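Hi,

Here's the structure I promised to pass on.

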Amino acid sequence: MIQKEIGLRLKEARNAAGFTQKQVAEKLGMLQPAYARYESGALELDYAKLIFLCNLYETSSDYILGIKQK
C-alpha cells in the first residue's frame, strides 16, 4: 500500500533529520498521535504538509512519494 511506503519514508527522513515525532507535530500545529498516523500510513498527507515536511527534512517530494530513491 502506497500510504505505508510514504509513512516509512517520512519516518526515515525524520530520523535522518534528527527530529522526534513530537517536535515535528508541534511544527505542524498538531499533536504527536496525529502525526504518528502519517508515519503509520493511516492518514494521507495533504500537499501543504508534504511541502512543509520536505523542506523540514531537506528531502524531495519525489523521494517521499517513492518516485526516486534517496
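F52 touches K27 and L28, leaving out residues up to four places away in sequence; a contact here means heavy atoms within 4.5 Å. F52 sits in helix α4, where helices (H or I, at least four residues) and strands (E, at least two) are DSSP runs numbered from the N terminus. At a relative accessible area of 33%, F52 is partly exposed. The cut-offs are under 20% relative accessible area for buried, over 50% for exposed, and partly exposed in between, with a 1.4 Å probe and protein chains only. The C-alpha atoms of F52 and K27 are 9.4 Å apart, for a separation of 25 residues along the chain.

Before you go further: this is a predicted model, so local features need pLDDT of at least 70 and side-chain atom pairs count only at pLDDT 80 or more, while totals for chains, interfaces and linings use all residues. Residues are numbered from 1 along each chain as its sequence is written, and side-chain values use heavy atoms, with hydrogens and water left out.

Now the helix pairs.

F52 belongs to the packing of α2 (residues 21–28) on α4 (residues 47–57). On the α2 side the contact uses V24, K27 and L28; on the α4 side, K49, F52, L53, L56 and Y57. By class that makes six nonpolar, no polar and two charged residues. For the classes, Ala, Val, Leu, Ile, Met, Phe, Trp, Tyr, Cys and Pro are nonpolar, Asp, Glu, Lys and Arg are charged, and the others, Gly among them, are polar. The α2 and α4 axes are 11 Å apart and the angle is about 130°. Axes are lines fitted to C-alpha atoms, for helices over the stretch in contact, and angles run from 0 to 180 degrees between N-to-C directions. The two helices are therefore oblique to each other: under 35 degrees counts as roughly parallel, over 145 as roughly antiparallel, 65 to 115 as roughly perpendicular, and the rest as oblique. The crossing of α2 and α4 is right-handed, i.e. the near helix is turned clockwise from the far one by less than a right angle, with anticlockwise being left-handed.

α2 also meets α3. Their axes come within 8 Å and cross at roughly 105°, so α2 and α3 are roughly perpendicular.

For α1 and α3, the axes come within 6 Å, crossing at roughly 115°. K4, G7, L8, L10, K11 and R14 come from α1, and Y35, Y38, E39 and S40 from α3. That contact has four nonpolar, two polar and four charged residues.

What about the core? The largest nonpolar core has 17 residues, and those with the most contacts inside it are L10, V24, Y35, L45, L53, Y57 and I64. A nonpolar core here is a set of buried Ala, Val, Leu, Ile, Met, Phe, Trp, Tyr and Cys residues joined through side-chain atoms within 4.5 Å. α1 (2–17), α2, α3 (32–40), α4 and α5 (61–64) each give two or more residues to this core, with α4 giving the most, at five. Y35 makes contact with L10, R14, Q21, V24, A25, L28, M30, L53 and Y57, again leaving aside neighbours within four places in sequence.

- Is R14 buried or exposed? This residue of α1 is buried, at a relative accessible area of 7%. R14 touches F19, T20, Q21, V24, Y35, E39 and Y57, not counting residues up to four places away. The C-alpha atoms of R14 and A25, 11 residues apart along the chain, are separated by 11 Å.
- T20 lies in the loop between α1 and α2 and is partly exposed at 39% relative accessibility. From T20 to Q32, 12 residues along the chain, the C-alpha separation is 9.1 Å.
- E58 has a positive phi of about 55° although it is not a glycine. You'll find E58 in the loop between α4 and α5, exposed with a relative accessible area of 73%.

Cheers
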